[in-house]
Amino acid sequence: MMKKIFFLLLALTAIAFPQEKYFIYFKDKGVPPTHSLMKGDALFKTAEELLSERSLERRKKTMGDNYITYEDLSVREEYVNELTNLGVEIIWRLNWFNSVSAYLNEIQISEVIKLWFVERIEPVKSFAFKKDYEERTLLIPEKMQSIFDNDYGPSFNQLQLSRIPEVHAYGIKGDGVIIGFLDTGYRWRAHESLMNSKVIAEYDFIFGDTITANQPEDHPSQDFHGTLVFSVTGGYAPGQLIGASYRSSFLLAKTEDIRSERNIEEDNYAAALIWMESLGVDITTSSLGYSEFDPGQRSYTYSEMNGNTTIVTKAANLAFERGIVTITSAGNEGNSSWKFITAPADAFNILAVGSVNANNELSGFSSRGPTSDGRVKPEILARGEVVLGALATDSVGYRHGSGTSLSAPIAAGVAGLLLSAHPHLNNYQVRSILIETSDNSSSPNNDRGYGLVSAVDAISYPTIEKSDNKYFLHKYFLNNPGIDLSTVKMLYSTDGENFNQLEYSSAVNKQFKYALPVLGFDQIVQFYFSYTDSNSVERKEPVSGAYKFQYGQLTIYHNLDLKFIPTDYVLSQNYPNPFNSGTWINVITETDENAQLVIFNALGQKVKTLFSGLMPAGLNKIPWDGKTDFGTQAASGVYYYILRMAGKEYAKKMILLR
């Protein structure tokens, strides 16, 4: 009886005192964070059931057999129920963070923090919504080129700068790919360019329903921005607007509340990414920039643009780890006192997209890099000035706008075309190819990043597929219009001097496929193509040097060269070994890499995470004092340490003697 009275008093208190939104983090999920999930275990199977088959298949391409992790386990229902009994209003369950978001007042906070299963409570931050740098109503249509199979109307030039219509002409239009948008809302059912789009699911993370168009409670302009952005990728109205990847399927998440009292909230973004991931999304794109908070809240500083601070950045990192190609606008801060990219553009593997004008000149408003920990940003560029999109308030209306909000959906469309042409690619490969084939990749900087993205060059870049433990090389010849396909030769070398010809196993619609010979694991292979053009002149691709890859890995390099490929061991044997009070593990990498170093016991249970984050290039000496994540002494025995880096795992054994 006393307990019921206590809960009733707390519920009445919730009504009497003002509430704000908070993250409530739990200490565990019924098992500790160090618990190792094994395929076939009950917990593993339960987590699998939360994901679609498409999500599982996408994860396996990147994560291999370890495609379910602790983050995927649900938050404990018992903990949620106990909070609910206290009168706490739960908003979102965020499995990846082992937390929930909820409305609390000061008295509730003091009671919730005492609960034995609560680790900490943090406020959910909200951010000032910024509309695009410029917008103007369409007055004079731009002229289209008539040589392509679509009538692009005034949308032609924004796509042609990234050579998208050329790819459409080859029949590559985004089929088979799911692209997810996180934005303000979408009045897609009413607009001529969007009403036939393949929207497979939509959700409003502001009001908690499936209506992403404006509702009575919304600001009148709520769905303007999202409709405009979505149409740049998915629109199709011949003679008016053609989207960059218009035959893809789409997921739409309404995450940004532009009403002045609510604005953009971190938990909505994280919840939307978790939702999209579970449905099997391949690519996510957001035209957001989080740096400025509502009045009275602490704003982020530049030092916190480090890839691992904001909730939205952490959520983007976790989405990428699960095989998603993550894309976001770099921000429109280039002319402001802030200047730099904004979260989540600082995430480790996200593709931050800057803006250029019609002449491929950097837009003054486009945010610059680097991240505060020194990584090049933005990664890629697309046209972000005078970009045409659908007008939400008029079923046949269109408008030009400017901002990195408009360059991001063009880049997402290029990623969609690349993945549609090469469905075997994982997200590491997609990211690498888009960077390699951008026009500044040989000399990246923190204004232009790696440069303007090109759909033709990206799809024409060679790729590697692993199937049934065999490796195949794929090559489209889209960027060589005068090529005589009968003269194509592929030559490879394992010593950098002697090149041998490899015959293709198939050649269909300008796509050649080669079965790679069995070579030594991690052996460096160089290769190039030769062919004759329409003028009987012999050509070579690449024009200078050669493509390179390590046998057993899936990434091919050219402009980024071998500095992106570890040429020595990446994981040393620990020293001393066996050890008693402490040991050292050396990791060598030739470039900055997002990495994780974890210790497991002989039963496969996680004991200690030694490192997780951006590992700098060069020699990294990482100590272990023999303690677990809980600070207790690990027992004597055999342990395994595993380094996860660049989509691969490296493992070695050590012995601890007490």
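User: Before we start, what counts as a cavity here?
Analyst: A cavity is a set of grid points where a 1.4 Å probe fits but cannot get out. Keep in mind that this is a predicted model.

User: Which residues line the largest cavity?
Analyst: Its lining is made of Arg-58, Lys-61, Asp-282, Gly-323, Val-325, Leu-419, Leu-425, Asn-426, Asn-427 and Val-430. Two elements give two or more residues to that lining: helix H3 (53–63) and helix H12 (427–436).

User: And how does that lining split by class?
Analyst: Four residues are nonpolar, three are polar and three are charged.

User: What about the second largest cavity, what lines that?
Analyst: Gln-429, Ser-432, Ile-433, Tyr-461, Pro-462, Thr-463, Leu-554, Thr-555 and Ile-556. H12 gives the largest share of this lining, with three residues. By class there are five nonpolar and four polar residues, and no charged ones.

User: Tyr-461 is on that list. Which ring does Tyr-461 pair with?
Analyst: Tyr-461 forms an aromatic pair with Tyr-547, edge-to-face, at 5.3 Å centre to centre and 80 degrees between the planes. Tyr-461 sits in the loop between helix H13 (455–460) and strand S19 (463–467), while Tyr-547 is in strand S27 (residues 547–550), so the pair links parts of the chain 86 residues apart.

User: Are those two buried or exposed?
Analyst: Tyr-461 and Tyr-547 are both buried.

User: How accessible is each of them?
Analyst: Phe-527 is at 0% relative accessibility and counts as buried. Phe-549 has a relative accessible area of 3%, so Phe-549 is buried too; the cut-off is under 20%.

User: Which aromatic cluster takes in Tyr-461 and Phe-527?
Analyst: One made of Tyr-461, Phe-477, Tyr-504, Phe-512, Tyr-514, Phe-527, Phe-529, Tyr-531, Tyr-547 and Phe-549. The structure as a whole holds 34 aromatic pairs.

User: Switching to packing: which residues touch the most other members in the largest nonpolar core?
Analyst: That core has 81 residues, and the ones touching the most other members are Phe-230, Ile-283, Leu-434, Ile-459, Met-490 and Phe-527. Helix H11 (residues 404–421) gives the most to this core, with 11 residues.

User: Take Ile-283. What is it in contact with, leaving aside neighbours within four places in sequence?
Analyst: Ile-283 is in contact with Val-177, Ile-178, Ile-179, Gly-180, Ile-324, Val-325, Ile-327, Ala-412, Ala-415, Gly-416 and Leu-419. Val-325 and Leu-419 also turn up in the lining of the largest cavity.

User: What else is there in the way of cores?
Analyst: There is a second, separate core of 37 residues, which includes Ala-272, Leu-273, Ala-343 and Ala-352.

User: Last one, the big picture. How many helices and strands does the protein have?
Analyst: It has 13 helices and 33 strands. Of the 658 residues, 57% are buried. Among contacts with a separation of 6 or more, 71% come from residues 24 or more positions apart.

Notes. Residues numbered from 1 in each chain as written. Predicted model: local features only at pLDDT ≥ 70, side-chain atom pairs only at ≥ 80, totals over all residues. Heavy atoms only, no water. 1 Å grid on protein atoms, 1.4 Å probe; cavity = no way out; pocket = protein on both sides within 12 Å on 5 of 7 lines; lining within 4 Å. Helix = DSSP H or I, 4+ residues; strand = E, 2+ residues; numbered from the N terminus. Nonpolar A, V, L, I, M, F, W, Y, C, P; charged D, E, K, R; others polar. Core = buried A, V, L, I, M, F, W, Y, C linked by side-chain atoms within 4.5 Å. Buried < 20%, exposed > 50% of the residue type's maximum accessible area, 1.4 Å probe, protein only. Contact = heavy atoms within 4.5 Å. Phe/Tyr/Trp six-rings, centres within 6.5 Å; stacked < 30°, edge-to-face > 60°.
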